[in-house]
Amino acid sequence: MLPDTQTTSSGTSVSETHITHTRDQLGLAEVYWRDRQVWLEAQGYMLRPRYHPNWVPSWKDKSNPDLFRIEDSRTLGKGDRVIDATRISDGQMVMLKRISTQAHPFEVEITKYFSTEPLSSHPRNHSVPLIDVLRVPDEDDTVILVMPLLHRYETPRFLTVGEDCMNLNIMMDPKPLFPDMYHPISVRMKKDLSGTAKHYTRTAHPVKYYFIDFGISRKYSPDNPHPLEPPIRGGDKTVPEFQRSHQPRDPFPTDIYYLGNLIREDFLEKTIGVEFMAPLVADMMQADPSKRPTIDEVVQRFEDIRRSLRWWKLRSRLIEKRELGYLITFRSVKHYIRTVAYVLTLKSAVPTPRTWPSYI
């Protein structure tokens with residue numbers, strides 16, 4: 001546990017607004033950011049050309065344009081809460097997140113808390129780093145959080161059991177895997193969409209994983225180990241204690257359930273090779289919250305499990321249950337060759353970053 005704190009981050013954020021748009025015309029979600037582009041540039045952050053005030057589609061006068069290869073054809077998506085940008089001072093890719101301090105009064109405080117020393121450099125701190133907080137002019141209850149551009153934690157896919165140790169609220173630092181980064185919307189492509197983005201494996205280039213989105217999180221004193229909160233229903237709707245009652249609950253056992261269910265859905269149900277996690281996950285998902293292990297117990301049991309695994313198990317291939325026969329053969333041969341190289345070069349079977357990334 002991190003020193004002197006308890007935090008729960010149950011659930012996911014509020015649903016994003018679904019807003020229609022076209023490639024050659026900005027949607028309402030995009031207009032919000034377009035209208036603040038000049039101000040954001042003055043704060044040190046540059047939006048992509050599509051969101052500049054006088055943007056005209058670069059393919060407007062072309063016949064039969066290949067929109068798949070044209071950068072400013074990439075739309076923002078379904079919501080107006082987040083957008084990618086570039087920090088002007090050093091070219092770092094960042095994410096801007098617009099939040100209502102009225103709807104989420106603790107998000108800035110908790111995100112800042114974990115991004116301030118001594119916690120920011122604590123080796124067990126996996127909370128998303130906060131780069132900046134921008135107060136939006138003429139919007140009293142709106143702030144924009146500036147954070148590093150992160151990547152979904154499960155892609156590129158996990159290749160070995162040793163890599164598999166970590167949904168929407170878990171992300172990873174992509175820079176070790178993607179030497180030239182990628183397009184923030186079309187994440188499999190290069191930034192200019194000229195081809196597929198180059199990436200390494202986690203074993204060769206270990207990454208750090210982060211928890212994000214503290215919009216419905218709370219911070220408690222260590223003197224209050226069992227706080228009570230009204231049910232907060234996040235993205236996972238299967239929590240047993242929320243099915244039968246609306247009474248205030250201790251949120252920490254609920255977080256244990258969420259984490260266990262994530263491992264069950266994303267790994268136990270989809271891959272072959274991590275069956276050794278099943279007993280721990282079953283305990284984490286007990287219907288009675290009081291019977292679930294604490295996070296300290298989960299961490300200790302996981303460490304005990306990992307230490308019990310032989311090197312050959314940790315380096316064994318993580319097989320997707322949906323893999324076709326020819327893919328199994330192809331990937332197995334490729335995995336064998338790669339594993340020999342990793343053993344000869346003394347790459348650890350359990351990838352661990354030697355240093356934590358710095359974003360400030």
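Which residues touch the most other members of the largest nonpolar core? I started my notebook with this, keeping in mind that the model is predicted.

**Entry 1: the cores**

I looked up the largest nonpolar core and found 33 residues in it, with Tyr153 and Met277 touching the most other members. I then checked which elements supply at least two residues each, and noted β4 (93-100), β8 (170-172), α5 (251-268), α6 (278-284) and α7 (295-308). Helix α5 gives the largest share of this core, 7 residues. Apart from this core I found another one, of 22 residues, which includes Leu26, Tyr45, Leu76 and Leu134. I wrote one general remark beside this: in soluble globular proteins, nonpolar side chains tend to be buried together.

**Entry 2: the sheet of β7, β8 and β9**

I followed an open sheet of 3 strands, and its order is β7-β8-β9 with antiparallel pairing. Strands β7 (151-152) and β9 (209-211) stand at the edges with a single partner strand each, so one side of each has no neighbour in the sheet. Between β7 and β8 I noted 2 bridges. Arg152 stands opposite Met171 in β8.

I looked at Arg152 again for its charge partner. It forms a salt bridge with Glu154, and the closest N and O atoms are 2.8 Å apart. Arg152 has 37% relative accessibility and counts as partly exposed. Glu154 is partly exposed as well, at 25%.

**Entry 3: Thr160**

Is Thr160 buried or exposed? I first placed Thr160 in the loop between β7 and β8. Its relative accessible area is 8%, and buried means under 20%, so Thr160 is buried. I then looked for what it touches, leaving out residues up to four places away in sequence, and found Thr203, Leu314, Arg315, Ser316, Arg317, Leu318 and His335. His335 came up again when I turned to helix α9, where it is one of the buried residues.

**Entry 4: helix α9**

I checked the length of α9 (residues 325-344). Its 20 residues should span 28 Å at 1.5 Å a residue, and the end C-alpha atoms are 29 Å apart, which agrees.

Which residues of α9 are buried? I listed Arg331, His335, Thr339 and Tyr342. Seen down the helix axis, these buried residues fall within an arc of 75 degrees, so they line one face of α9. The face turned away from the buried side carries the exposed residues Tyr326, Thr329, Phe330, Tyr336, Ile337 and Leu344. Strand β12 (319-320) is included in what covers the buried residues of α9. Just after the helix, Leu346 takes a positive phi of about 65 degrees.

Arg331 counts as buried at 18% relative accessibility, and Glu323 counts as buried at 9%.

**Entry 5: other salt bridges**

How many salt bridges does a search of the whole structure find? The search gives 19. I noted a general point: side chains of opposite charge can pair when their charged atoms come close.

In helix α7 I found Arg306 and Glu303, which lie 3 residues apart, about one turn of the helix. Their side chains meet in a salt bridge of 3.2 Å, N to O. Arg306 is partly exposed at 29%, and Glu303 is partly exposed at 24%.

**Entry 6: strand pairs and hairpins**

I went through the pairs in order. Strand β2 (residues 45-46) and strand β3 (residues 82-87) pair in the antiparallel sense over 2 bridges. Met46 has Thr86 in β3 as its bridge partner. Strands β3 and β4 also pair in the antiparallel sense, over 5 bridges. There, the bridge partner of Asp84 in β4 is Met95. The hairpin of β3 and β4 has 5 residues between the strands, and in it Gly91 takes a positive phi near 80 degrees.

Last, I looked up β5 (residues 132-135) and β6 (residues 142-148), which pair in the antiparallel sense over 4 bridges. Asp132 has Val146 in β6 as its bridge partner. This hairpin has 6 residues between the strands, and Asp138 takes a positive phi near 65 degrees in it.

How values were computed: Residues are numbered from 1 along each chain as its sequence is written. This is a predicted model: local features need pLDDT of at least 70, side-chain atom pairs count only at pLDDT 80 or more; totals for chains, interfaces and linings use all residues. Side-chain values use heavy atoms; hydrogens and water are left out. A nonpolar core is a set of buried Ala, Val, Leu, Ile, Met, Phe, Trp, Tyr and Cys residues joined through side-chain atoms within 4.5 Å. Buried means under 20% relative accessible area, exposed over 50%, partly exposed in between (1.4 Å probe, protein chains only). Two strands pair if DSSP finds at least two bridges between them. Contact means heavy atoms within 4.5 Å. The expected span of a helix is 1.5 Å times one less than its number of residues. The arc is that of the directions from the helix axis to the C-beta atoms. A salt bridge is a side-chain nitrogen of Lys or Arg within 4 Å of a carboxyl oxygen of Asp or Glu.
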